[in-house]
Amino acid sequence: MARPKKKGISGNAKNFITRTQAVRKLQISLPDFRRLCIFKGVYPREPRNKKKANKGSTAYTTFYYTKDIQYLLHEPVLTKFREHKTFAKKLSKALGRGDYGDAVRLELHKRPVVTLDHIIKERYPTFTDALRDLDDALSMLFLFANLPINHNLPLATVATCQRLCNEWQHYVIRTNSLRKSFLSIKGIYYQAEIQGQDVLWVVPYRFAQTIPVDVDFRIMHTFVEFYATLLGFVHFRLYTKEGLVYPPKFDQDADAKGAGLRAFKLENKGIGSLSETAVTSQAPKKEAAKQIKLLQEKIAAITEGDEEDGPQEEKVTEDADTFDTFKPINTDSAADILPQPQISNNGAGDVDPSNLFSHTTFYLSRETPREPLEFILRSFGCKRVGWDAVLGEGAFTDNELDPSITHQVVDRPPIAGLPLVAANAGTAPRPSGRVPGRTYIQPQYVWDCINFGRLLSPAEYTPGALLPPHLSPWVKPSAGGYDPMAPITEGEETEEESDAEDGTGMTDDINDRDDEDEKMADEVDVSEDEESEDEEEAARREHQKELEAEAAGVKPPATDEKKKKKTKQQREEEEQKEMQKIMMTKKKRKLYEKMIYGNKKKEDETKTLRQKRRKLEKSKKKSAA
């Protein structure tokens, strides 16, 4: 007879371990255990059967994989935590004895420092894995970079986050990696493409933040510490591959004066390193162009020998950046002509998005958000961005009357009756009017241009104008759903009016009928019982009603017959669906009902949005008239 198994030594009871048991096994405190789990990426797990995993108990417990806790036993950071515990005891004893010199010595030279380099290499074996996990890291660091300093947020942490965020923005500007952006209630969303990987992060608005009391900043500091180390590794790899020195030079005086991104200066690794690489990258193109040119000369020589009276071919000028178009040889035999590739900046043949604002000069008014606008404009090729001196140093120009300015971003309503100011009217810091020949736009214009990938018409973005809807570039309208950018057709505009006319059920002519016409209209309404009668009886009654309507001088009710036919068809379809639902199992029937409910809810929402838009369009037309 086989030996019976003991309870709690296999299955869920062995695969899972409670948090209390894990803390005792690792011999550390609960805060250190949380910190270690965040560093190593070990998170609580949910067993299928909590009662079996907890050895018969039904109390609420946090579980971890036993293998994960066994893996943490050999972590070098765990040794540092124990060393820090010993250091804390020595420091408290020195302070208790009053030996402050010994306490200072311990604080300066004996404090254990936790390094996370080996954890970063362990959790992210390849650089692509690190890029895929940058979304949360960037969002967390940008959040801490915008928070005020207090007892929970030390100056060193906020300064480190600000430095890393500025370095990231400099790399995105340098490589023109920014693709899309969106203004939301939570903040500003950005999406950049780094080495084929899409990185999405959110930046909060620069408002006066109120630090909540019920937030555990110890856990958030642990995430910030890990993410800062990760981003430092990523920056070093990206800057090195770009041929730049990392970290970039930082001007503290310029940063104190509000320079922002201009406080950092990028430097190349060695003089002319980038130019040499550019030359080597262009060498293969030139060699290919020479080979194509020789091939064309041979083809031209062959055609000249075959055709004595043929015209001489013109010399084709070569360009190293474009493909050549080969013309077919004039022969008697018909041959297929293949389309040749054509070089363009993008697939649609539009302007390259990285150089979208390269030929413009922007000036940011003092009421506009300078940091996001500067970042977006420089990421899309704008080299000349100026702003008011109140917003800080580092601007291309702080003179609002500079004649080189082509676009000015304004976020205040226009004041009627102000005269125009000439571009050479002096250096007044605040002119009382607009400069002629300059385009005045609202900040949304910049975001819509980069999301559409082209320069839009500024007519809809003038100061004080009702802006078009700002839609998320990552949400595409589904089939049959509501599309805010689709124009309203005439059928949709007249839908409400037709519904209102149908809802009345009577016109002015029907209100003037006598009692005989009212009786005839009552007879026209067909009840459900009459629909089930024989076709001959129904045809006879319809013929009788038509005769009565002709005698009364009223149009015969032909629409009621159509409605009756539609209702019969609908009833047949509903009966068929009910029969199919009866044949379903209970599980499938509930799933089908949920699907029907979800589709009906989406249709109602789409219909409601379309009705709201029609009302807005009508109100606009009335106000314009």
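Predicted model: local features only at pLDDT ≥ 70, side-chain atom pairs only at ≥ 80, totals over all residues.
1. Two strands are taken as paired if DSSP finds at least two bridges between them. As one instance, Ala-192 has Val-199 in β5 as its bridge partner.

2. The sheet as a whole is open and consists of 3 strands in the order β3-β4-β5, with antiparallel pairing. Its edges are formed by β3 (178-183) and β5 (197-203), each of which pairs on one side only. From one strand to the next, the twist averages 15 degrees. In general, the strands of a sheet pair through backbone hydrogen bonds.

3. Most residues other than glycine have a negative phi. Gln-195, in the loop between β4 and β5, has instead a positive phi of about 55 degrees, although it is not a glycine. Gln-195 is partly exposed, its relative accessible area being 39%. Asn-176 lies in the loop between α11 (155-175) and β3; it likewise is not a glycine and has a positive phi of about 55 degrees. Asn-176 is partly exposed, with a relative accessible area of 22%.

4. The largest nonpolar core contains 86 residues, and those touching the most other members are Phe-33, Leu-134, Phe-144, Trp-168, Trp-201 and Phe-357. Helix α12 supplies the largest share of this core, with 11 residues. Apart from this core lies another, of 5 residues, including Phe-87, Ala-94, Ala-103 and Leu-106.

5. What does Trp-168 touch, leaving aside residues up to four places away in sequence? Its contacts are Leu-134, Leu-138, Phe-142, Ile-194, Val-199, Trp-201, His-235 and Leu-238. Val-199 is also the bridge partner of Ala-192, noted above.

6. Helix α12 (residues 217-242) also packs against helix α3 (residues 30-40): their axes come within 10 Å and cross at roughly 35 degrees. The crossing is right-handed. From α3, Pro-31, Arg-35, Ile-38 and Phe-39 take part, meeting Arg-218, Ile-219, Thr-222, Phe-223, Glu-225 and Phe-226 of α12. By class, this contact has 6 nonpolar, 1 polar and 3 charged residues.

7. Most peptide bonds are trans. The bond from Tyr-246 to Pro-247, however, is cis, with omega near -5 degrees.

Note on methods:
Residues numbered from 1 in each chain as written. Heavy atoms only, no water. Axes fitted to C-alpha atoms, helices over the stretch in contact; angles between N-to-C directions. Helix = DSSP H or I, 4+ residues; strand = E, 2+ residues; numbered from the N terminus. Left-handed = near helix turned anticlockwise from the far one by under 90°. Contact = heavy atoms within 4.5 Å. Nonpolar A, V, L, I, M, F, W, Y, C, P; charged D, E, K, R; others polar. Core = buried A, V, L, I, M, F, W, Y, C linked by side-chain atoms within 4.5 Å. Buried < 20%, exposed > 50% of the residue type's maximum accessible area, 1.4 Å probe, protein only.
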